[in-house]
Amino acid sequence: MRAGATALLCLLAGLAAAAAPRPALELVGGRQLESVTVRNPQAKAVVVFENGSRATLDGWGKVMDAVSPSATVFAYNRPGYANSAAASTPRDGATIVEELRATLKQKGLAPPYVLVGHSLGGLYMQLFARRYPNEVRGLVLVDALYPRVVKKPEDFPWTTRVAKRLFFSKTVQQEIDAIHHTGEAVLALPAIDDKPIIRLVNQPTSATAIAVDFGAFNFDPQTRALVRGLYPKAKTIVADSSHQMQSTSPELVAGAIREVLAAPAQ
């Protein structure tokens, strides 16, 4: 019995060690921030996850589990999301990138970084990579948002403006209003074609799939051409998934991250 009890305790200890860590709350820049860090002392890069609009770090769970044996991983909730305190600072991409970079520094997570961004988070990660190319190993864009796809806020239809105020938090409203400005900031910086970049694109094949247009997007030929030409050397993977590809197709997202991790350092 004693031996059996010891074996059971060892098994339970092993399962606890393998379980994904719970999000931690800590003060960063004087504000409460919710994040998850899985440190891998043997890793040569840190994988940094950035959420889309209205999304939280929970969506990255399966991807983080798959990638953590190969890298240190970090995911967080931006200010104003879940248990992260709201910020009084602007919610444009430049501010968000600087806050993220300061957080990584405070946590002792040094570059190089593989930046993984979903939707609006993909736009923020493009800005991070162009601002600090020497700190970035590569980029994985998960059904990401690109410059000029979203209109200037003053060009939104009135119905979109009303819906934004009724259904979105103040933080999300501020982020949405800054999207166009953030995209212009991306375009104003030098290209990063020397970095390994993988673009994951959701393209449903179901006949019942319906595209949603809130009147805030540009679908004109010029914008489409701009987006296609942004990263000419990037690898593009099109999948029948969902916009939340990290939840619907975590193995695809994890595979893209591992591919960037394995690419020769630039």
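Arginine 101 lies over the face of tyrosine 132, at 3.7 Å from the ring centre, where a charge counts as sitting over a ring if NZ of Lys or CZ of Arg is within 6 Å of the ring centre and within 35 degrees of the ring normal. The model is a predicted one, in which local features need pLDDT of at least 70 and side-chain atom pairs count only at pLDDT 80 or more, while totals for chains, interfaces and linings use all residues. Residues are numbered from 1 along each chain as its sequence is written, and side-chain values use heavy atoms, with hydrogens and water left out.

Tyrosine 132 also belongs to one aromatic cluster with Tyr113 and Phe128. The structure holds five aromatic pairs, a pair being rings of Phe, Tyr and Trp (its six-membered ring) whose centres lie within 6.5 Å, with planes under 30 degrees apart counted as stacked, over 60 as edge-to-face and the rest as tilted. Two of these pairs are set out here.

| Pair | Distance between centres | Angle between planes | Class |
|---|---|---|---|
| Phenylalanine 49 and tryptophan 60 | 4.8 Å | 40 degrees | tilted |
| Phenylalanine 74 and tyrosine 76 | 5.7 Å | 20 degrees | stacked |

Phenylalanine 49 lies in strand 3 and tryptophan 60 in the loop between strand 3 and helix 2 (61–67), so the pair ties together parts that are eleven residues apart in sequence; helices (H or I, at least four residues) and strands (E, at least two) are DSSP runs, numbered from the N terminus. Phenylalanine 74 is buried at a relative accessible area of 0%, and tyrosine 76 is buried at 3%, where buried means under 20% relative accessible area, exposed over 50% and partly exposed in between (1.4 Å probe, protein chains only).

The peptide bond from proline 111 to proline 112 is cis, with omega near 15 degrees, and proline 112 lies in the loop between helix 3 and strand 5. Aspartate 143, although not a glycine, has a positive phi of about 40 degrees, and this residue is buried, with a relative accessible area of 16%.
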